[in-house]
Structure formats: C-alpha cells, structure tokens
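Here is a short briefing on one structure.

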Amino acid sequence: MKAAPVLVVDNVSKAFGGVRAVDSLCMDLNKGEVLGLIGPNGAGKTTVLNLISSVTRIDSGDIRINGTSTRNLPPHGVARLGIARTFQEIHLFKGLTVLENAKAAGHLSVRYSLFDGLASLPRSRREEAKIEHTCMDILRMFGLHGDAGKDASSLPYGRQKLLEIVKALVTEPSILLLDEPAAGLNTEESNELRDLVKEAQKRFSLSIIVIEHTMEFIASISDRVVVMNFGKKLVEGTWDEVRCDPEVLRCYLGED
Ligand SMILES: Nc1ncnc2c1ncn2[C@@H]1O[C@H](COP(=O)(O)OP(=O)(O)O)[C@@H](O)[C@H]1O
Ligand SMILES: [Mg+2]
C-alpha cells in the first residue's frame, strides 16, 4: 500500500478581492519527495506556500500535515508540525550576525518554557548550547561557518540566499517550502544551492516543495512537478511529462 502523503492540499481556494489567487487546488506531497511548483508570474504559487504555512488564511478547503488540519493554526503552530519555509525576498535581521540570525530562527523550535529561559536554568542553557551547535553544524554544511561572526547583511546576495535556507533548516523541519531560492543567482551559485538542497534533503529526510523559474533547476531537482496558471493546477507529472504538455507550453509562451 502506498504511504499517505505528508502534506495534502485539499480543494483549497483563496481570493484577494476579485482575484482568485488559488482556485480549487488539490495537491499532495509525498514523504521524501521534491515537488517543483511552477507557473507564470501571478499564477498563485507564493500564495500556496503562504496558505500552507498559515501566513495567509484559506477561504475554503483544507490543508493537512500528516493528517492534522492546519485551518485554525497560527504560523508557529504550523511550524511545530514540522513546516519551515523561505520567502521570495530576503528576510534576514539586519544588524545581527550570521550565527545570531540562525539562532533566532532556531529559538522558534525550542521546547523549554519562557520561565526556564528567564530564570536561565541549566535546562535552557543546555538548549542554548544545542541550538548553537545545530546552527554551526548547518552553517558549516552550507559553507557559511567562516562568516558566523559577520553582519548578515554584509554577505553577498548569493550567500544571504543560502543563509535563508540555513535558517529554515535549524528549526529541524520535516517539510521544507522554498520560494524561488535561486532567484538572482548566477548559474554557478544556482547549481551550488541546488546541490546543497539535495544534500540537506537526504541528510534530514526532508520532503520539499520548491518554486523556481529556472527550468534547469526544476528539471534537475524535482521528482514531480505541478504547473499552475490562474490559481488552478494545469498539469502534474514528472518534468519530462509536463515540459512538452501543449497547455504548459501555451501558458509560458503566452507570458513571453
Ligand atoms: N496579499 C495580497 N493582496 C492582494 N492580492 C494578492 C496578494 N497576494 C497575492 N495576490 C494576487 O494573487 C495572485 C497570485 O499571486 P502570487 O501567489 O504571488 O503568484 P506567483 O507567486 O505565482 O507569482 C496575483 O494576482 C497577486 O497579485
Ligand atoms: Mg511568487
């Protein structure tokens, strides 16, 4: 029997005024899978990630993570279910170092109470040490450990994009959502980022949804691809199946 999907988007709709950003969308993410989410600008891709991470409330339908509905959960409640995401734009804390940025993200997933934190009990100190260890470990994996003490905003753009992924990983997610992680990167940087995402996926047993415009990136990382247009799912399948689909070609040609 096929294992149940880790994430189910069940007939979800979201409108902004008259715009149907996401329209009756059904989509599954299987365990250990990399799902590419593509489509022209304005297709509703980012809105899908916002709905999954509860940054935006759904109008109708349901989203389930390992069987649990996220309908009434705030973003940190969804994070506790094992979801982490990056944003299309850089979301770093300016004035904090690279390590401090990573640690700030790690604190989201800490299990000690506020009281322990305030009283600085040994348990919270152990947690603190554990977070720092996890952060340095993942920074090293992404080649950023040498930058740990630098102001995050002083890093070149490409390395800031890597740090965004580090911040997501230190929360120890099981599902990672990436919104255009390679946007603005050159081919070499984009390939490096793709290889690191693949490595992280194996090492942390992640299931991933990734939005990207670079088709080489999508082709080389995705097990399966969902193509959206006007809030709806146009087609899904392997990259080789969807890339020649006449409807897909038409919606991309229409854009350009
Ligand atoms: N917060 C918002 N308020 C109003 N309209 C929005 C908002 N977010 C997205 N939209 C609209 O929803 C549609 C889908 O946007 P988006 O999900 O960002 O698309 P994509 O990521 O595929 O480019 C667009 O028409 C966009 O203008
Ligand atoms: Mg977008």
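In this predicted model, the shell around ligand 1 consists of Phe16, Val19, Ala21, Gly39, Asn41, Gly42, Ala43, Gly44, Lys45, Thr46 and Thr47.

**Ligand 1: contributing elements**
- Helix H1 (45-52) and strand E2 (19-29) each provide at least two residues of the shell around ligand 1.
- H1 contributes the most to that shell, with three residues.

**Strand E8: burial**
- E8 spans residues 207-211 and is mostly covered.
- Five of its five residues are buried.
- Both faces of E8 are covered.
- One side carries Ser207, Ile209 and Ile211, and the other carries Ile208 and Val210; all are buried.

**Strand E8: pairing**
- E8 pairs with strand E3 (residues 34-38) in the parallel sense, over four bridges.
- In that pairing, leucine 35 stands opposite isoleucine 209 of E8.
- E8 also runs parallel to strand E7 (residues 175-179), joined to E7 by five bridges.
- Here leucine 177 has isoleucine 209 in E8 as its bridge partner.

- The chain leaves E7, passes through helix H7 (residues 187-203) and reaches E8.
- This β-α-β crossover is right-handed.

Technical notes
Residues are numbered from 1 along each chain as its sequence is written. Chains are lettered from A and ligands numbered from 1 in the order in which they are written. This is a predicted model: local features need pLDDT of at least 70, side-chain atom pairs count only at pLDDT 80 or more; totals for chains, interfaces and linings use all residues. A residue is buried if 20 or more other C-beta atoms lie within 10 Å of its own, exposed if 12 or fewer, and partly exposed in between; C-beta atoms are placed from the backbone. Two strands pair if DSSP finds at least two bridges between them. A crossover is right-handed if, with the strands pointing away from the viewer, the path from the first strand over the helix to the second runs clockwise. A residue is near a molecule or strand if its C-beta atom, placed from the backbone, lies within 6 Å of it.
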